[in-house]
2 protein chains.
Amino acid sequence: MTNRFDVLGIGNAIVDVLTNVNDDFLRDEGLTKGSMTLVSEEEAASLYAKLGQCIECSGGSAGNTVAGLASMGARASYIGKIRDDQLGSVFRHDISAQGATFSTSSALEGPATAHCLVLVTPDAERTMCTYLGACVNLTEDDIDPDTVRASGISYLEGYLWDPEPAKNAFRKAIKITHDAGNKTSLSLSDAFCVGRHHKEFLNLVKNDIDILFANEEEIKMLYGTDDVSEAAKQAQEDCEIAAITLGAKGCIVTSKDEIGYVQSRNVNKLIDTTGAGDLFAAGFLYGLTKDKSVGECGAIGNLLAGEVITHMGARPDIDLKKFVEQNV
Amino acid sequence: MTNRFDVLGIGNAIVDVLTNVNDDFLRDEGLTKGSMTLVSEEEAASLYAKLGQCIECSGGSAGNTVAGLASMGARASYIGKIRDDQLGSVFRHDISAQGATFSTSSALEGPATAHCLVLVTPDAERTMCTYLGACVNLTEDDIDPDTVRASGISYLEGYLWDPEPAKNAFRKAIKITHDAGNKTSLSLSDAFCVGRHHKEFLNLVKNDIDILFANEEEIKMLYGTDDVSEAAKQAQEDCEIAAITLGAKGCIVTSKDEIGYVQSRNVNKLIDTTGAGDLFAAGFLYGLTKDKSVGECGAIGNLLAGEVITHMGARPDIDLKKFVEQNV
């Protein structure tokens, strides 16, 4: 049976609230640059009140990846929890507008749609504070088995491991995916997130994940090494495919037979790195759906990551299908 | 007594929902490029569903002007109606974050915070469809006499003439302003808006407005002439000061003693003209608060309009105080 979807993304459905800050602000707030911190509704409100003017855009790690895939013309689907509020409508609109299928029902009560305060420093690095809100109510019941079975790859974000019920949703999705003979994929999301759930992530990667995404810090944290090449070798042993992003330098890709380094092209205009990893994953997964080699997949990933960092926000703001056709 | 505020803006409090469309889309939807159309909640929802991914930013004509003034360090205040919903919080945050005082209470029931679908075509022109929502509940009661009396200039947007109760709020503000010996200012807002309320606007301008803002189309529509110089002469007769924006060409400014043309500098990067008129008004009014000549005020207006059109959204995204200091 042909799959209805190339990729199903499962993640925390979040609207980003972006603004520019300077390094002193991060220091005064005790925030670690480049990290994602979970905050309560009150902490989010208190931080928001200190921020300058913001813009709001849909975000969420797997949501960004799915939006990127849909923008390239891949058949993409999404599972995540919003509330029936204004930011929820924004999230639902944007992911659907890119052509992705998003049929998770909205919560009719409980916490508001999640939002993430994204603080962009002059070096274009982003530091995030997330109020999970409605995301914490993503449960097993939201994992529609038919959708999972109908998707060639189920892509999960590590952040899902933070809200407890989502963990069970995550496990259910993995089981259905493998029972159907499909592939599981995981993004490690954030070094602190790996730290928070270190043992569980290591078990997941060794036993349940076919395609692994990580950046340099995350993979080193996972394998407890300072040597990214060593970490890459371990990822190669644990997973069928792994892609490790190296920021401006490009990525390391592994399959059972090879480990390779794929250099990225120069980016002319660096504005905001939010979504770089997510769009890398979109490009890489898109390559896989087109039966490209991991090296070619890495090149498409680099290309998309290089695009998204030239503007504020983590969603593509151009037609990625044309962009990929013109550049690959 | 010294005024507490240099400028009080009174307007429709709106969150903008911005996206890129092509000219065919406008034609298919029967929209006139560059105009603002009022739509029902259902019409807004139906149009939104046809749009690609959007970003949300605070907007509203007078709101943009006030945000610009506050960004330059002017003492600015704002009156407008939002609901106690998520977009309302966004609006309140953003205008306060720029340093403006916004103390109008939020509606606890009734329509949602207003939003405006801003369709930006490849020529950077914007076409707007506005759902007024909570704005229609701005009434006389929201016009705090103390704030009006304490403001050197009360700046009103013509759009306020659309929701009926706001008209009375508008009239109340004018009376208090003049009774206190302060100045009234009006932006004609939109040629169709002038068309909708032609006689009333002409009466207003002749009898109640000290400082008039209009673009070329609006002023021609107001005075029923095809000759902008002729229209400028009439504005000079009717108002103490008038500023007529001419798009990329600059502006015509008038005072009782002079009519002059102020050329604008070249803009390198034209992205989105949303807010050009509003930021022109901010710059011009800022000049007036600093006792500049109308020619100098026009130059600051041109400068700010030239800045806001280099990015998506109608609010300043740089520190305008520094920008003006460096460029004037």
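Visitor: What makes E13(A) and E14(A) a hairpin, and how many residues join them?

Guide: This is a predicted model. In it, a hairpin joins E13(A) to E14(A) through four residues. The two strands, E13(A) and E14 (residues 259–263) of chain A, run antiparallel and are paired over five bridges. Pairing requires at least two bridges, so the five between E13(A) and E14(A) qualify. Within this pair, Ile252(A) is set opposite Tyr261(A) of E14(A).

Visitor: How do you know that strand E12 of chain A pairs with E13(A), and in which sense?

Guide: Strand E12 (residues 241–245) of chain A is joined to E13(A) by four bridges, and the two run antiparallel. The cut-off is at least two bridges, so four bridges make E12(A) and E13(A) a pair.

Visitor: What lies between E12(A) and E13(A)?

Guide: Four residues lie between E12(A) and E13(A), which form a hairpin. In the turn, Gly247(A) has a positive phi of about 65 degrees.

Visitor: Why is strand E13 of chain A called largely enclosed?

Guide: A residue is buried if 20 or more other C-beta atoms lie within 10 Å of its own. Five of the five residues of E13(A), residues 250–254, are buried, so the strand is largely enclosed by the rest of the structure. For chain A as a whole, 56% of the 328 residues count as buried.

Visitor: What makes E6 and E14 of chain A edge strands?

Guide: Nine strands of chain A form an open sheet, in the order E6-E5-E1-E9-E10-E11-E12-E13-E14. Strand E6 (101–102) and E14 of chain A each pair on one side only, and are its edge strands. The pairing in the sheet is mixed. Strand E1 (residues 5–10) and strand E9 (residues 151–157) of chain A, for instance, pair in the parallel sense over five bridges, with Val7(A) opposite Ile153(A) in E9(A). By contrast, E13(A) and E14(A) are antiparallel.

Visitor: How do you know that the radius of gyration of chain A agrees with a compact globule?

Guide: A compact globule of 328 residues would have a radius of gyration near 20 Å, and chain A has 18 Å, which agrees. Along the principal axes, the C-alpha atoms of chain A fill a box of roughly 50 × 40 × 40 Å. Of the contacts in chain A with a separation of 6 or more, 75% are between residues 24 or more positions apart.

Visitor: What confidence does the predictor give chain A?

Guide: Chain A has a mean pLDDT of 96, and 100% of its residues reach 70 or more. The model scores ipTM 0.91 and pTM 0.94.

Note on methods. Residues numbered from 1 in each chain as written. Chains lettered and ligands numbered in written order. Predicted model: local features only at pLDDT ≥ 70, side-chain atom pairs only at ≥ 80, totals over all residues. Buried ≥ 20, exposed ≤ 12 C-beta atoms within 10 Å, placed from the backbone. Rg over C-alpha atoms; globule rule 2.2 N^0.38 Å. Contact = placed C-beta atoms within 7 Å. pLDDT = per-residue confidence, 0-100.
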